[in-house]
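Please look at the sequence and the 3D structure before reading on.

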Amino acid sequence: MNALNATIDAGNTLLWGWLLIYLLIGAGLYFTVRTGAAQFRYFGQAWRTILGSRDNQPGQRGITSFQAFATGLASRVGTGNIAGVAIAISLGGPGAVFWMWVTALVGMSSALIEATLAQAFKVRDGERGFRGGPAYYIRQGLGQGWMGQLFAVFLILAFGLVFNAVQSNSIAASMQQAFGLSPAAVGAALVLLTAPIIFGGIRRVARVAELVVPFMALAYLLIALYVVFTHLGQVPDMLLGIVRSAFGLESAVGGAAGFAVQQALMMGVKRGLFSNEAGMGSAPNAAAAASVNHPVQQGLVQMVGVFVDTIIVCTCTAAIILLSPLPRDADLSGVQLTQAALESHVGGWGGAFLAGAIFLFAFTSIIGNYAYAEGNVQFLTRHRWVLNVFRALLLGMVLFGALAEVPTVWNMADLSMGLMAVTNIVALLLLSPLALRLLRDYDRARRDGQADPIFDRRADPELDRRLPREVWGAGEGVSATD
């Protein structure tokens, strides 16, 4: 185990030393400029699209745009929002929250680009409508099959195996602290609950996510708002402290301040990426399964998931922790820190409430993660027995995570998501001219008065040549109908 941890640490040092920080934030800023800050221009339109897409239209294939949003949010909203924020604050200080915000706001443009490309290059699935994601747009858009296969392997490792160990680890830790349940018993129960859902496939995942995610997010938001409103006088100081800490203004001068900024930045970007997944290449797998009239439509929907995840849910967790009377040097981290902070606000029942919230957050993340990994297993091979073996391995990792040490599973998560992100961001930068053509087509249709633009590939010869005709047709512009 020591040798494994040393290898993982070496890989994380290489990836997270500065490479991924520059790559993620740099790409997000580049896409923000090139799209004309579309994440802000179309923010309201994105919400209207989400709320207006609860039901499939007659003849449509695939899941609805709302279901794809809920599936993506199910994977995004998990232990990263509760345990991850606590770890970021305990290791990087309050300033880490500021860098999580920055990662999310610029990352919304990356989410727009990757989900748009996933829609553009999705493929028909005879049983369930559509499937796609980075592996597919890398192979079809860049013509690099080996790179698509490499990404698929990284995603299966990260979302199919490692991330699910992180989720079950946090569930087991919270249940042990709140109710005294043994990690082994919690792990076994999670396996029994997960198995029938993942063997049901993407449609069952989408239905479960559609029902659970809104309730889960609302319940956690309400209790966080209670904490904020009962400590309104402290909120300005909390926000000022976050900003000051982000730039080392609360630390000693010189090297200490520089180290504090570096730690805040690194932890903010790490935990921000784990939480909102912008640019990582995960949410496009859900986005590709949706039936929409224009590829950009689902890009706008998925970028809202980044906002909800980090700007709303993660900020709620940060407020619960930073407004609590717990000392900064409290010997707590991860979910235990958040539980202790909530108990200091509302009493002993707060720990039990958060254990339930952690269960809902993390359990829906497990099934959302599976939905992503399943599509990439099918990208590599269509043999049914391979998929069943993968499902068994996933259940094994759920059990392993419940029993493993916290640092080990989080370090494994950092390495696996770093490998995914590097591969995907490189592909996004290379394919961005195509995504920008699609966005310009959407902009033009909106200017012409179309409330819900319908994509007509014939309007752009380059798009007509590059996009798969078996999905988008020869010009009718609607992907969802046969």
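Asp464 is buried, with a relative accessible area of 18%; buried means under 20% relative accessible area, exposed means over 50%, and partly exposed lies in between, with a 1.4 Å probe and protein chains only. The model is a predicted one, in which local features need pLDDT of at least 70 and side-chain atom pairs count only at pLDDT 80 or more, while totals for chains, interfaces and linings use all residues. Residues are numbered from 1 along each chain as its sequence is written, and side-chain values use heavy atoms, with hydrogens and water left out.

**Salt bridges**

Asp464 forms a salt bridge with Arg469, and Arg469 is partly exposed, at 44% relative accessible area. A salt bridge is a side-chain nitrogen of Lys or Arg within 4 Å of a carboxyl oxygen of Asp or Glu. A search of the whole structure finds eleven of them.

| Salt bridge | Closest N and O atoms |
|---|---|
| Arg41 and Asp443 | 3.5 Å |
| Asp414 and Lys270 | 3.8 Å |

Arg41 lies in helix H3 (residues 38–41) and Asp443 in helix H19 (residues 406–447), so this pair ties together parts that are 402 residues apart in sequence. Helices (H or I, at least four residues) and strands (E, at least two) are DSSP runs, numbered from the N terminus. Arg41 is partly exposed at 41% relative accessible area, whereas Asp443 is buried at 13%.

Asp414 counts as buried at 3% relative accessibility, and Lys270 counts as buried at 12%.

**The chain and its interior**

The chain has 21 helices and two strands. Of its 482 residues, 62% count as buried. The largest nonpolar core has 158 residues, and those with the most contacts inside it are Tyr137, Phe163, Tyr220 and Phe390. A nonpolar core is a set of buried Ala, Val, Leu, Ile, Met, Phe, Trp, Tyr and Cys residues joined through side-chain atoms within 4.5 Å.

Leaving aside neighbours within four places in sequence, Tyr220 is in contact with residues including Ile82, Val313, Cys316 and Phe361. Contact means heavy atoms within 4.5 Å. Another buried residue is Ser110, with a relative accessible area of 2%. Ser110 lies in helix H7 (residues 95–120), and its contacts beyond four places in sequence are Ala27, Gly28, Phe31, Gly279 and Leu428.

**Cysteines**

How many disulfides does a search of the whole structure find? The search finds zero, a disulfide being a pair of cysteine sulfur atoms within 2.5 Å. For Cys314, the nearest cysteine sulfur is that of Cys316, 9.1 Å away. This is too far for a bond. Cys314 is buried at 3% relative accessible area, and Cys316 counts as buried at 9%.

**Surface**

Leu218, Leu222, Leu225, Phe229 and Leu232 make a nonpolar surface patch of about 500 Å². Such patches are made of residues with over 30% relative accessible area and no salt bridge; like charges are joined within 9 Å, and nonpolar side chains (Val, Leu, Ile, Met, Phe, Trp, Tyr) within 5 Å. Accessible areas come from the Shrake-Rupley method with a 1.4 Å probe; for residues, only the protein chains shown count as cover. Leu232 is partly exposed, at 47% relative accessible area, and lies in the loop between helix H11 (202–229) and helix H12 (235–246).
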